[in-house]
Amino acid sequence: MHEEIQQVAQVEAPVERAKSAIALMADYQGRVTELSRIRREAIEEAAAGGMSQSEIAALLGVSRGRVGQLAAQGPPPERAFFGTDLMTVSLGGKYEAGKAPAEMGEVVAREDLDNFDKLRKLLGTLKLDAKYEVIPPTGIVNLNRDNHVVVCGPRLSPIIAQVLEGDDNLRFQKDQAWHLVDLKTEEVYRSPMDEDGSAGDVGYLARLPRLDGRGTFIYIAGIHAIGANGVVHYLENHLADLYRDVRTRRFSTLISCRYDPKTLEVLESKRVSPIYRHEA
């Protein structure tokens, strides 16, 4: 018997043994889900490389019909873009305005809560659950963990601002207003909200390194809060293509969006800069 199962079987208290069994089953189920994703991706890659289902079936030792079944089972390959288990979405928080310091609570922008709701639904289609946490107004956030998405502008978090300085291609900057700059082309991307008041914004999307050097996290931010909504809209519509391009490697790019000023619903999003890869 597997050592982990033996350890569960040896727990004396019945209820604790049941709890241990439930936890181990959840762990195993998570592994099965990820393995089914890997299997599906491998079959899709083999087919894309020119192999027929009959050839794949012969090499796998299964029927041609079974190959078709396996190619349709499990979450889509792009699930790996985010992670393999429960996702934590960190949202930037700030103090309530118009109150005495002792009465100030921590609040999150409406746009960011909307972002979490849309991300949660997107992750659900990838067979990933999600929860959110609020980054306190101090901006202190733990980046050293797996399965992590951060939605927080650099002005709200000195830690995030420090990590962003490692991007040699794209950068948030500020003069009379916050904006984004392509350091390679020297092109400046300003928010239409600041230029002529029109309903548009620009956001930054990246996979950035953790501070401990042992992994990465997905980072989303806009010049204004609505710019992050534009990034999420882009992911909703282009995740499969983006994953095929960058897989789980580090990268950064810029996304522009147009939205309904009354409902704040994003109507259109598109990539406006190259996808810069941070790794050779």
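Rings of Phe, Tyr and Trp (for Trp, the six-membered ring) pair if their centres lie within 6.5 Å; planes under 30 degrees apart count as stacked, over 60 as edge-to-face and the rest as tilted. With that in hand, here are the close-ups. This is a predicted model, where local features need pLDDT of at least 70 and side-chain atom pairs count only at pLDDT 80 or more, while totals for chains, interfaces and linings use all residues. Residues are numbered from 1 along each chain as its sequence is written, and side-chain values use heavy atoms, with hydrogens and water left out.

**View 1. Phe81, Phe82 and Phe251 form one aromatic cluster.** By the ring rule, the count comes to five aromatic pairs. Phenylalanine 81 and phenylalanine 82 have ring centres 5.2 Å apart and planes at 85°, so this pair is edge-to-face. For phenylalanine 81 and phenylalanine 251, the centres are 6.0 Å apart and the planes sit at 45°, so that pair is tilted. Phenylalanine 81 is in the loop between α4 (64-72) and β1 (87-95), and phenylalanine 251 is in strand β10 (residues 251-259), so the pair ties together parts 170 residues apart in sequence. Helices (H or I, at least four residues) and strands (E, at least two) are DSSP runs, numbered from the N terminus. Phenylalanine 81 and phenylalanine 82 are both buried, and phenylalanine 251 is buried too. Buried here means under 20% relative accessible area, with over 50% called exposed and anything in between partly exposed (1.4 Å probe, protein chains only).

**View 2. Strand β10 and its partners: what does β10 pair with?** Eight bridges join β10 to strand β8 (residues 200-209), running antiparallel. Another five tie β10 to strand β11 (residues 266-271), and two link β10 to strand β12 (residues 276-277); both of these pairings are antiparallel as well. Two strands pair if DSSP finds at least two bridges between them. Picking out residues, arginine 207 stands opposite phenylalanine 251, serine 252 has tyrosine 276 of β12 as its bridge partner, and tyrosine 259 has valine 266 of β11. Eight of the nine residues of β10 are buried, leaving the strand mostly covered.

**View 3. The hairpin of β10 and β11.** Six residues lie between the two strands, and leucine 264 in the turn has a positive phi of about 65°.

**View 4. An open sheet of three strands, in the order β5-β6-β7.** Pairing in this sheet is antiparallel. The edges are β5 (170-174) and β7 (188-189), each with a single partner strand, so one side of each is left without a neighbour in the sheet. Between β5 and strand β6 (residues 178-182) there are five bridges; arginine 171 has valine 181 as its bridge partner in β6.

**View 5. Asparagine 115 in helix α5 (residues 110-125).** Is asparagine 115 buried or exposed? Asparagine 115 is buried, with a relative accessible area of 0%. Leaving aside residues up to four places away in sequence, asparagine 115 touches Val151, Ala225, Ala228, Asn229 and Val232. A contact means heavy atoms within 4.5 Å.

View 6. Of the 280 residues, 43% count as buried. Among contacts between residues at least 6 apart in sequence, 61% join residues at least 24 apart.
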